[in-house]
Amino acid sequence: MIKAVLFDFDGTIANTIPAIREGVNNTMRRCGYPEHSYEDILAFINHGARELIRQAMPAPDCEDPATVDRVLQEYNTQYGLVYDHTREAYPGVAELIDRLHRAGSRIGVLSNKQDEFVQKLSRQVLLPGSFDAAHGVGPGQPPKPDPFLPALIARELGVSPADCAMVGDSDVDIATARNAGMLHIGVDWGYRDAAFLRAHGATNIAHTPEEIELFLKG
């Protein structure tokens, strides 16, 4: 029986790419690097902010860890100025999360985004009181698909990982659910389509927020 549902944020709860692109390109300009298109950012995301920035940087600078760390620090500043330009969830998603919560499910938000922005954005785009925990990547913590963060949220929610479902739009979320021993539910309204998700092992794919409820009911 599924007692808790963990939702990825970027591409699952909300389209964050425009704000991420704004933060990345502000950083690239300040560091003297080329800017990037929406499609570039789409290709770079899902593996955490450091990997996003590393891929956005040109060679040879992207190969020097100290330089990547310096540019990442600048990105954290720049994204902090624009993160709240993501102002709403995808249609029906906030309502779904609220409905599940009111029906008794424990709700968590799990993202490879920096933790402080996950906390703030979850409060900004989701309905008040509709989720129980939200975590991004903090200092020294491994990003998805490592099972550290999903296990952390499961403990915080007071449930076993086996009693959790992980909802996400990417191959990283599929691997995260597998590594954590959770049910995976893919969504194809985000950054990766159904064919991509199936190719990476997804068997449950929701095309609308309402279909997530059907998978949870079994």
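Modeller: Helices α5 and α10 are roughly parallel to each other; angles under 35 degrees count as roughly parallel, over 145 as roughly antiparallel, 65 to 115 as roughly perpendicular and the rest as oblique. The model is predicted, so local features need pLDDT of at least 70 and side-chain atom pairs pLDDT 80 or more, while totals for chains, interfaces and linings use all residues. Residues are numbered from 1 along each chain as its sequence is written, and side-chain values use heavy atoms, without hydrogens and water.

Colleague: At what angle do helix α5 and helix α10 pack?

Modeller: Axes are lines fitted to C-alpha atoms, for helices over the stretch in contact, and angles run from 0 to 180 degrees between N-to-C directions. Helices (H or I, at least four residues) and strands (E, at least two) are DSSP runs, numbered from the N terminus. Here α5 (residues 93-102) and α10 (residues 209-217) pack at about 30°, and their axes are 9 Å apart.

Colleague: Which residues of α5 and α10 make the contact?

Modeller: Contact means heavy atoms within 4.5 Å. Val93, Leu96, Arg99 and Leu100 contribute from α5, and Pro209, Glu210, Ile212, Glu213 and Leu216 from α10. By class, this contact has 6 nonpolar, no polar and 3 charged residues. Nonpolar covers Ala, Val, Leu, Ile, Met, Phe, Trp, Tyr, Cys and Pro, charged covers Asp, Glu, Lys and Arg, and polar the others, Gly among them.

Colleague: How many aromatic pairs does the structure hold?

Modeller: A pair of aromatic rings is described by the distance of the centres and the angle of the planes. Rings of Phe, Tyr and Trp (its six-membered ring) pair if their centres lie within 6.5 Å; planes under 30 degrees apart count as stacked, over 60 as edge-to-face and the rest as tilted. The structure holds 4 aromatic pairs. In one of them, the ring centres of Tyr79 and Phe117 are 4.9 Å apart and the planes stand at 85°, so this pair is edge-to-face. Because Tyr79 belongs to helix α4 (residues 65-82) and Phe117 to helix α6 (residues 115-125), the pair ties together parts 38 residues apart in sequence. Ring pairs link Tyr75, Tyr79, Tyr83 and Phe117 into a cluster.

Colleague: Are Tyr79 and Phe117 buried or exposed?

Modeller: Buried means under 20% relative accessible area, exposed over 50%, and partly exposed in between (1.4 Å probe, protein chains only). Both Tyr79 and Phe117 are buried. Thr27, in helix α1 (residues 17-31), is buried at 0% relative accessibility. Apart from residues up to four places away in sequence, Thr27 touches Val71, Glu74, Tyr75 and Gln78.

Colleague: Which peptide bond is cis, with omega near 15°?

Modeller: Most residues other than glycine have a negative phi, and most peptide bonds are trans. The bond from Lys144 to Pro145 is cis, with omega near 15°. A cis bond also joins Ala59 and Pro60, where omega is about 5°; Pro60 lies in the loop between α3 (49-56) and α4. As for phi, Asn46 has a positive value of about 100° although it is not a glycine. Asn46 is in the loop between α2 (38-44) and α3.

Colleague: Where is Lys144 found?

Modeller: Lys144 is in the loop between β3 (133-137) and α7 (148-157). Lys144 is buried, at 4% relative accessible area. Beyond neighbours within four places in sequence, its contacts include Asp8, Leu110 and Asp173. Lys144 and Asp173 are 29 residues apart in sequence and 7.3 Å apart in space, C-alpha to C-alpha.
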